[in-house]
Amino acid sequence: MNKYLGTILNSARLTSNVFKLVVSVPELTENVTPGQFCQIRIATELSHDPLLRRPISVADYDPTRQKLTFIIRESGRGTKFLARLVPGQQIDLFGPLGTGFPVHRLVKGDRALLIAGGIGAPPLYYLARQLHANGVECATILGFRSHSESFLIDEFSQFGPVRVVTDDGTLGSCGNVCTEITAWTSEGLDWTHGFACGPLPMLQALQAQLAGDGRPVWVSLEKRMACGLGACAACTCRPANPNSTASGPRLVCKDGPVFLLGEVELGE
Ligand SMILES: Cc1cc2nc3c(=O)[nH]c(=O)nc-3n(C[C@H](O)[C@H](O)[C@H](O)COP(=O)(O)OP(=O)(O)OC[C@H]3O[C@@H](n4cnc5c(N)ncnc54)[C@H](O)[C@@H]3O)c2cc1C
């Protein structure tokens, strides 16, 4: 992890409130694992307001050109600031942070199921690209509220079959990622390792659906965090089994954001 200065190469809208930032970070030579994130400074050079950086997952990384891609949903002050950046402007970031997805636990011939809900899709895109490059088969379920909020469908389709599901049925099936897992499984979907990122209720529903399944599923969690470095302990979560050997609180920023489903309690 280091502090870097990046230059915006491109900013593009993917939906009315989701945008993609491509950033050149010439000094970045570290390996970036899918699931890792950067803490992006929002305040200008002359001010410390807002004080806290914003954690954003790496949506893609090109190590030969030292280009990082972030895909961000505009919500509050920080993400609205990032949405206004234009090519040529600079951003200050800490990264790569956290423990990402265990890409190298899978080998050629393994079959990954990627399950994304809304803005959970970006880190899974970078994961899918790496798994595909390693000869792992990838099947993806993308869940969105509606057609107008969908993005990255063609991009995931480069790596294997994609099923889209929307809450209102305006694109793909009508339902959610859990109903789609059931439907696709009845049509023969077969997988060896699962990966998920999305809103907490989606992860909780997945945990209930896949409890006792036996196949490993890794989930990327979001918690409000201040430092992102493991120092402030703002983003603690409890281990699911308090009697396990690693029974102390776990930090989403450092021990995660990626955890094995069932390793920690999925709560606010
Ligand atoms: C590991 C990780 C990876 C993330 N990756 C992405 C991503 O790739 N794309 C994306 O759009 N969003 C991502 N988020 C969520 C993103 O960090 C928040 O949406 C963002 O911080 C909100 O900031 P804001 O100023 O726009 O909103 P405000 O609500 O104004 O933020 C106020 C404060 O709350 C914190 N905060 C608000 N929501 C969250 C949240 N869900 N998680 C953590 N802190 C929050 C902010 O950091 C800030 O300190 C990620 C969060 C985490 C923890």
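Biologist: How many cavities of 30 Å³ or more does a search of the whole structure find?

Modeller: The search finds one, where a cavity is a set of points on a 1 Å grid over the protein atoms alone at which a 1.4 Å probe fits but cannot get out. This is a predicted model, in which local features need pLDDT of at least 70 and side-chain atom pairs count only at pLDDT 80 or more, while totals for chains, interfaces and linings use all residues. Residues are numbered from 1 along each chain as its sequence is written, and side-chain values use heavy atoms, with hydrogens and water left out.

Biologist: What volume does the largest cavity have?

Modeller: About 40 Å³, taken as the space filled by probe spheres set on the grid points, which are joined across faces, edges and corners.

Biologist: And which residues line it?

Modeller: The lining consists of Tyr4, Leu28, Val32, Cys38, Val58, Leu68, Leu93, Gly95 and Pro96, a lining residue being one with an atom within 4 Å of a point. Strand E7 (residues 90–97) gives the most, with three residues; strands are DSSP runs of E with at least two residues, helices runs of H or I with at least four, numbered from the N terminus.

Biologist: What is the lining like by class?

Modeller: It has eight nonpolar, one polar and no charged residues, with Ala, Val, Leu, Ile, Met, Phe, Trp, Tyr, Cys and Pro counted as nonpolar, Asp, Glu, Lys and Arg as charged, and the others, Gly among them, as polar.

Biologist: Switching to rings, how many aromatic pairs are there?

Modeller: Five are found in the whole structure, a pair being rings of Phe, Tyr or Trp (its six-membered ring) with centres within 6.5 Å, called stacked if the planes are under 30 degrees apart, edge-to-face if over 60 and tilted otherwise. One of them joins Phe101 and Phe195, whose centres are 5.7 Å apart with planes at 80°, so this pair is edge-to-face.

Biologist: Where do those two sit in the chain?

Modeller: Phe101 is in the loop between E7 and strand E8 (111–117), whereas Phe195 is in strand E12 (residues 193–197), 94 residues apart. Ring pairs also link Phe101, Phe195 and Trp218 into a cluster.

Biologist: Is Phe101 buried or exposed?

Modeller: Phe101 is buried, at 2% relative accessibility, and Phe195 is buried too, at 0%, where buried means under 20% relative accessible area, exposed over 50% and partly exposed in between, with a 1.4 Å probe and protein chains only.

Terms used. On a 1 Å grid over the protein atoms alone, a cavity is a set of points where a 1.4 Å probe fits but cannot get out, and a pocket is an open set with protein on both sides within 12 Å along at least five of seven lines; lining residues have an atom within 4 Å of a point.
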